[in-house]
Amino acid sequence: MTRASHHLWRPYTQMRTADPPLEAVRTHGSRIVLADGRELIDGIASWWTAVHGYNHPHIAEALSGQLATMPHVMFGGLTHAPAERLAARLAALLPGTLDHVFFTDSGSVAVEVALKMAVQLWLNRGVTGRTRVLAFRGGYHGDTMGAMSACDPEEGMHRRFGAYLPAQVFCDLPRRAAETDALDATLARHREELAAVIVEPLVQGAGGMLMHEPETLATVARLARRHGLPLILDEIFTGFGRTGTLFACEQAGIVPDILCLSKALTGGTLALAATVASREVFEAFLSDDPAAALMHGPTFMANPLACAAANASLDLFETEPRLAQARAIEARLREGLASLAGRPGIAGVRCLGAIGAVEFEAPPDLAGLKRRLVERGVWVRPFGRILYLTPALSVPEADLARLIEETVRAAAEAMNRA
């Protein structure tokens, strides 16, 4: 550990026992270049953000132009073209009347704002007591207080904070008839205290790359409507092509009341997030009463640099075949990881869009697994019992083949060492 890095407190890391971090000095395409000259193929696109790969010239050009004119200005009482253009473009891309965009600077805060919107929606309608949300086991929604409270309370990484967090209502996703009946009954029982239902559409990412069918998502939406509850979709992981469509909710043909975006929004260049509300939700905040306004305002919300990057990223979805690439990656992942399915020690192999996950029956030696992959020129970050790939949608075929080959090899070795 260098003298400078001694002062850093790293994410999700036991600082006493962790291996020293690798020093990155440059990126290009789907590669991370280390200080010692080694080059790693990035198998997880920097936590799923760099959907176009690194250093895309179109995004770099947009950032350079914005930096020269106005890198930042407060959004309270002021506006600017990059934010207005981005909001209009998101509204045009999203289904239904999801056309009112509130910008923040991280996915967790986007979820916080969504929860706050849902609770205040009822207050603005003169209804009190609706202060809880229904969330799903296996879910993950972020690391801030409200977001943590909606994460899986037993298996999630924030379970130690249970006594400190707001108490939410949890159910299993309705994959079968019995679970559908249980969700319906739970919604009926808690309806007068619930403000909304929140779910990650199609994939519960940090909960273990747990996937469900579009029909399951449609069932959640139908039951939320039946009980008169707003539906919040957390598309922070799934948004912008990761599941093979621009937004995961498209595959279920549903329209939420509130939708959260972040991660790939800027193509993996700058922090930016958005909470997008339907027209009906937005109109509940329009009043002559100042107390009815949404009292939230991150200092760097709608940062012009980040908005310029996001607009450039949307340009690339229009001009380069990202969704077709995601579907092609899915086919390659299914083919390449299939040899692991059913092998002793492997609980399952799951693929959807540009997501491939291998689940072990027991947690492997994660540090050793990651170390061996780095030695072979691959960067991944396995967690729990999951070894997964979420490469850039633009990943070159040769790099994707190498990622799959080394993942299969590493998984087989991990089982042999168990």
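Burial is classed by relative accessible area: buried means under 20%, exposed over 50%, and partly exposed in between, with a 1.4 Å probe and protein chains only. The structure is a predicted model, in which local features need pLDDT of at least 70 and side-chain atom pairs count only at pLDDT 80 or more, whereas totals for chains, interfaces and linings use all residues. Residues are numbered from 1 along each chain as its sequence is written, and side-chain values use heavy atoms, with hydrogens and water left out.

According to UniProt, in an unreviewed entry, the feature "binding site" falls at Trp47, Tyr140, Lys263, Gly297 and Arg381. These positions are spread over 335 residues of sequence and also in space, up to 33.0 Å between C-alpha atoms. UniProt positions follow the numbering used here, feature names are shortened, and annotations may be inferred rather than shown by experiment.

Trp47 is placed in helix H1 (residues 45–48); helices (H or I, at least four residues) and strands (E, at least two) are DSSP runs numbered from the N terminus. Because its relative accessibility is 34%, Trp47 counts as partly exposed. Lys263 is located in the loop between strand S11 (258–261) and strand S12 (273–278), and with 26% relative accessibility Lys263 is likewise partly exposed. Apart from neighbours within four places in sequence, Lys263 is in contact (heavy atoms within 4.5 Å) with Trp47, Trp48, Thr49, Ile236, Phe237, Gly268 and Leu272.

Tyr140 occupies the loop between strand S5 (132–136) and helix H5 (145–149). Its relative accessible area is 19%, so Tyr140 is buried. Beyond four places in sequence, the contacts of Tyr140 include Tyr12, Cys151, Met157 and Asp234. The side chains of Tyr140 and Tyr12 make a polar contact at 3.4 Å; such a contact is a pair of N or O atoms within 3.5 Å, where within protein one must be able to donate a hydrogen and the other to accept it, and residues adjacent in sequence count only if both atoms are side-chain atoms.

Tyr12 itself lies in the segment before strand S1 (24–28) and is partly exposed at a relative accessible area of 48%. Together with Trp47 and Met157, Tyr12 forms a nonpolar surface patch with about 320 Å² of accessible area. Patches are made of residues with over 30% relative accessible area and no salt bridge, like charges being joined within 9 Å and nonpolar side chains (Val, Leu, Ile, Met, Phe, Trp, Tyr) within 5 Å. Accessible areas come from the Shrake-Rupley method with a 1.4 Å probe; for residues, only the protein chains shown count as cover. The phi angle of Tyr12 is near 50 degrees, a positive value in a residue other than glycine.

The structure holds 27 salt bridges, each a side-chain nitrogen of Lys or Arg within 4 Å of a carboxyl oxygen of Asp or Glu. In one of them, Asp315 pairs with Arg89, the closest N and O atoms being 2.8 Å apart. Asp315 lies in helix H9 (residues 304–319) and Arg89 in helix H3 (residues 81–93), so this pair ties together parts that are 226 residues apart in sequence. Both Asp315 and Arg89 are buried.

A salt bridge also joins the side chains of Arg402 and Glu406 (3.5 Å, N to O). Both residues lie in helix H12, four residues apart, about one turn of the helix. Arg402 is partly exposed at 33% relative accessibility, whereas Glu406 is buried at 5%. Salt bridges with shared partners join Arg372, Arg376, Arg402, Glu406, Arg409 and Glu413 into one network.
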